[in-house]
Amino acid sequence: MSIGSVASLSRRDPRYLQRLFESDGTTFSEFLLGQRLARAYRMLCEPQSAQRQVSAIAYDVGFSDLSYFNRCFRRHYGATPTDMRKAVGN
């Protein structure tokens with residue numbers, strides 16, 4: 001997913017979308033990363049996902065590199081995905 005593909009789907013100029021994110025003090029890439037991490041967090045906390053491997057969740061939310069996912073998750077939440085799962089009891 002790229003800002004170009006989103007712009008095309010929404011029939012907007014990519015630069016217009018970039019300015020929208022800039023006005024919020026972020027970038028499209030940072031926004032997308034945050035959304036993916038939030039979705040992974042929710043999945044790790046859901047009882048129905050308790051048997052799923054962390055790697056499967058990472059890939060499902062759009063990460064292709066498990067090490068990068070783990071680093072980003074830890075930086076964002078202050079804990080590894082596995083530690084977070086244990087903390088919520090899944």
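# Close-up views of the predicted model

**View 1. Cys72 counts as buried, at 2% relative accessibility.** Here buried means under 20% relative accessible area, exposed means over 50%, and partly exposed lies in between (1.4 Å probe, protein chains only). The model is predicted, so local features need pLDDT of at least 70 and side-chain atom pairs count only at pLDDT 80 or more, whereas totals for chains, interfaces and linings use all residues. Residues are numbered from 1 along each chain as its sequence is written, and side-chain values use heavy atoms, with hydrogens and water left out.

**View 2. The structure holds zero disulfides.** Cys45 takes part in no disulfide, and the nearest cysteine sulfur, that of Cys72, is 18 Å away; a disulfide is a pair of cysteine sulfur atoms within 2.5 Å. Cys72 is likewise in no disulfide, its nearest cysteine sulfur being that of Cys45, at 18 Å. Why does Cys45 count as partly exposed? Cys45 is placed in this class because its relative accessible area is 24%.

**View 3. Tyr41 and Tyr77 belong to the seven aromatic pairs that a search of the whole structure finds.** Their rings are stacked, with 4.8 Å from centre to centre and 15° between the planes. Rings of Phe, Tyr and Trp (its six-membered ring) pair if their centres lie within 6.5 Å; planes under 30 degrees apart count as stacked, over 60 as edge-to-face and the rest as tilted. This pair links distant parts of the chain: Tyr41 belongs to helix α3 (residues 28–45) and Tyr77 to helix α5 (residues 66–77), 36 residues apart. Helices are DSSP runs (H or I, at least four residues), as are strands (E, at least two), and both are numbered from the N terminus. Tyr41 counts as partly exposed because its relative accessibility is 28%, and Tyr77 is also partly exposed, at 26%.

**View 4. Phe73 and Tyr77 form a tilted aromatic pair.** The ring centres of Phe73 and Tyr77 lie 4.7 Å apart and their planes meet at 40°, so the pair is classed as tilted. Both residues lie in helix α5, four residues apart, which is about one turn of the helix. Is Phe73 buried or exposed? With a relative accessible area of 0%, Phe73 is buried.

**View 5. Tyr41, Phe63, Tyr68, Phe69, Phe73 and Tyr77 form one aromatic cluster.**

**View 6. Arg15 and Glu22 form one of the two salt bridges in the structure.** Their closest N and O atoms are 3.1 Å apart; a salt bridge is a side-chain nitrogen of Lys or Arg within 4 Å of a carboxyl oxygen of Asp or Glu. Arg15 has 33% relative accessibility and therefore counts as partly exposed. Glu22, at 47%, is also partly exposed.

**View 7. Arg52 and Asp60 form a salt bridge.** The closest N and O atoms of Arg52 and Asp60 are 2.2 Å apart. Arg52 is partly exposed, with a relative accessible area of 28%. For Asp60 the value is 41%, so this residue is partly exposed as well.

**View 8. Gln18 is located in helix α2 (residues 14–23).** Gln18 is partly exposed because its relative accessible area is 33%. How far apart are the C-alpha atoms of Gln18 and Arg85? A distance of 34 Å separates them, and the two residues are 67 residues apart along the chain.
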